[in-house]
Amino acid sequence: MDLYEEALDYLHQERVAVEDVSDDIEGSDLLEDVFVEEADRFSQSPLQMRALDISDTPVEKTPENMEKRLMVLKEILTCEELYLNELETLLMPMKALKASAGTSQPVLSSQDVQTLFYQVPELLDLHQDFCKGLKARLEMVMALEEDHTIQLDHGSSQLCVGDLFLKIVSQLAVYRGFIDNYESAVETVRRCSQSDLRFRTLAESMKSCKGLDNFKTRYTFEALLYKPLDRVTKTTLVLHDLLKNTPPDHSDRSPLQEALRISSNFLSGLNDTSHCKKAVTLSKGMTRQLMRDGFLACACDGGPGLRHLFLYTDLLLCTKLKSAGKHAQYRYNWHVPLAGLKLHWAMPLEQPAELQQRITNTRTKMYHLRQDYQHQKSKGVYSRTLDRILKKLQECELWLLTYSPRLQLELHSLSGKIYTLLMSTLYELEEWREVMGRLIKEHAEPVPTDLLTLTNSCMKLRMTQNPHLHSLQPEKGDQALCGTLSVVIHSACGLQHPACVWVSVEVDGFEFFHNKARTHPSVSTSTPQWNQEISFQVDGAQHLMLVCVAQSDRGTEDWTLGRCSMKLEPDLVPKKWRRFTLNSAELELTLSIRYLPHPLDPPNATLAQQLPVFSVPIGLVARQEGVLVPHIVRSCVEEVERRGMAEVGIYRISASTTDVQNLKNSFNTDLYEAVRSMRSMEVNVVSGTLKLYFRDLPDPLVPREFFWNVKEALDIPDMDSRLGTMLTILNACPEVNRNTLLYLLHHLKRVADKEEVNKMSLMNLATVFGPTLLHPPLAKLGYSGPRVDISQEVVVQVQAVYFYLQCNELPAPATTLPLDTEDEQP
């Protein structure tokens, strides 16, 4: 009975229906073959390998030493045959489980089957070829030595196996995919063992074929999964032992040394948890090493296309997957040398309205597919419907990964060509720019480029097996966030020089909703403060990523100060606000986080647009922004204080009406671009825009119903009583109105402190702002209250603002809502 029949027999005994499947277990579907689950990197891997002290101590070519070398090779063959038995045992139930996945009562879903056996068939093929070749050569030597006419040591001394070892170590990268997937496979075994008795019975008692002792051995599924991890760590030790018993003049000496070097390089890459240092040398005498690879969207003539990029020490190679499955290959697209390469962070890509709408529709479709998937899964039965839904979800996410990225990283080569990479997150863009920038500075010596060989090596060298699709990640259950995640970016410290800084805030998970935002730019300072709240609707979020950026003047490129990230765990992100401090290169960033778990509402199918801020009630603007003082007020005030405090007639001298209207339109459409553009405008344009904002409010900052109270308070002769009444009126204003007025008054007092240079006294400022901030009640039809003429109105407006400006007891404004916090975290 062969392996397949034995597995079928077991499943039939357990009354599991099985459909016949073709011999091509890989299939031809792109999503099934290429886009498989990724596991966490080596930081969570059971591989804990120590560095090896490999000394070069060759032996002499004596009969005794040649016999010892032959014994070493026989031991290697014995171990290989045992390892092949273990791999065959591991693969025994694969076809049957895959066939069962297509029935109404599957043992495992096709996705789980794919995760459990990922890269194992490739490992089996690799070692079968090696074992077959080694066994044939050993048998040939044994046959020669049985011929008594030949000297005893002649056969063993002429035995050459270096090419076999060189071939197998050149394909060690096949293990990369298995190791990357190991954690997911183990987690799948444990999860499925708990949920399905049939699989638990199989996983706890797997029998190998007849082993070396002619008896069957019992294994657990999890123990068999560990065998390749154990095997890959022994490769270097085996080569070292064999090389030690190979004389210097033996023809195997050179290829075994090369094989040992490649194996050691690969082992070193597994020990290093940093992406940018996982390198594999291509061939002897060459310094080109693979530093990073990944799937990115690239700007093409016909629109963006998903490509697999390979970053080497001296060049960047762009490829496209030519065919899927076991014999997959990459097709060359383009390459660019790193020497002289200039990196340019371009403005975000402008997307047509039709594409934006399609992106929005795709997100909505993904949301409903996800809901259907969860509903089907809650029934506890895996079916074709479940797999079909998951496949559609993956297709949508793959399309989104291709067409939604807007952040552009331009690569300007010495030849004048420009290549554009498109990315979804600024954090990812900075990862690529950082490692490329370092390689460019190191001036790696160019290596002659054999593009055919280089492209053909991609399958063996790749560290990233598939695009990062969240629908392909293992289910984290309660470990992932689903609900509302709110983040308040408070402040930063540690800048060496003053700068206008903004913070990009990004979360992962399913992109049903917008999961990227940024703070408004701070005023130019070495201690920026924002106190800005940003909220995300998240599903499956596990990481928060932050990038601190210094804003340049208009027309020049912003530059990154640093980036940091934190893992989002429900226990660490409670319902109350909790404060954290994260280190980001130059900066120490302070933020607060709160998580409210709840079922998600369907995303809005209409395009998300920034609501205007002008001619909108100030309370509504503040509520939309989650603040107590609108960003437009804070941004304009900070800009005036940055470069307008010494401007003669600031707030009194009018600016160009056209420029003020243009800045107004910018604030209505894009706060970030408005803040960027106003830095290059005349400061009077900024001050004029601030006055226009208050003038265009539907209701004045001091509510109309308080006008007569203010007038009566100003008539109180006793100064203490007048002060108490005026402060009472101020405290009676709505919260947003009160804090915005206080924020403005404190700013105007600082302007007046520079009266000697700007010629703006408290009275001058009161005269400018009084008619804007305070209005009498509207004389509507049926109004029977007191009336006031224009001259009295102006007097009350100016005197009220002048009184507040003279007041030394003005309370400090609050710019953000108070947080219901827990104990601060380090």
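This is a predicted model: local features need pLDDT of at least 70, side-chain atom pairs count only at pLDDT 80 or more; totals for chains, interfaces and linings use all residues.
Is Asn531 buried, partly exposed or exposed, and what is its relative accessibility?

1. **Asn531.** Let us settle the opening question. Asn531 counts as partly exposed, because its relative accessibility is 22% and buried would need a value under 20%. You will find Asn531 in strand β13, which covers residues 529-541. Have a look at its backbone too: phi of Asn531 is near 50°, a positive value in a residue other than glycine.

2. **Ser615.** Here is another residue with a positive phi that is not a glycine: for Ser615 the angle is near 60°. Its setting is a loop, the one between β17 (587-597) and α18 (618-625). With a relative accessible area of 44%, Ser615 is partly exposed.

3. **Strand β11 and its two faces.** Now turn to β11, residues 501-507. Seven of its seven residues are buried, so the strand is largely enclosed by the rest of the structure. In a regular strand the side chains alternate between the two faces of the sheet. You can follow this pattern in β11: Val501, Val503, Val505 and Val507 point one way, while Trp502, Ser504 and Glu506 point the other way. Residues on both sides are buried, including Glu506.

4. **The partners of β11.** Which strands does β11 pair with, and how do they run? One is β14 (residues 543-550), joined to β11 by seven bridges and running antiparallel to it. Within that pairing, Trp502 has Val549 as its bridge partner. Another is β12 (residues 516-518), which is also antiparallel to β11 and is joined to it by three bridges. In this pairing Ser504 stands opposite Arg518.

5. **Helix α10.** This helix spans residues 197-204, and Arg198, Phe199, Leu202 and Ala203 are its buried residues to look for. They cover an arc of only 125° around the axis, which puts them on the same side of α10. The face turned away from the buried side of α10 carries the exposed residues Leu197 and Glu204.

6. **The start of α10.** What caps the N-terminal end of α10? The cap is Asp196, with a side-chain oxygen that lies 2.8 Å from the backbone nitrogen of Arg198. Arg198 is also one of the buried residues of this helix.

7. **Cysteines.** How many disulfides does the model hold? The count is zero, where a disulfide would need two cysteine sulfur atoms within 2.5 Å. Two cysteines you can check for burial are Cys396 and Cys500. Cys396 counts as buried at 8% relative accessibility, and Cys500 counts as buried at 4%.

8. **Cavities.** Among the residues that line the largest cavity are Val702, Ile729, Leu730, Cys733, Leu745, Ala800 and Tyr804. The elements giving two or more residues to this lining are α24 (719-732), α25 (735-752) and α28 (790-806). Of these, α28 gives the most, with three residues.

Note on methods
Residues are numbered from 1 along each chain as its sequence is written. Side-chain values use heavy atoms; hydrogens and water are left out. Buried means under 20% relative accessible area, exposed over 50%, partly exposed in between (1.4 Å probe, protein chains only). Helices (H or I, at least four residues) and strands (E, at least two) are DSSP runs, numbered from the N terminus. Two strands pair if DSSP finds at least two bridges between them. The arc is that of the directions from the helix axis to the C-beta atoms. A polar contact is a pair of N or O atoms within 3.5 Å; within protein, one must be able to donate a hydrogen and the other to accept it, and residues adjacent in sequence count only if both atoms are side-chain atoms. On a 1 Å grid over the protein atoms alone, a cavity is a set of points where a 1.4 Å probe fits but cannot get out, and a pocket is an open set with protein on both sides within 12 Å along at least five of seven lines; lining residues have an atom within 4 Å of a point.
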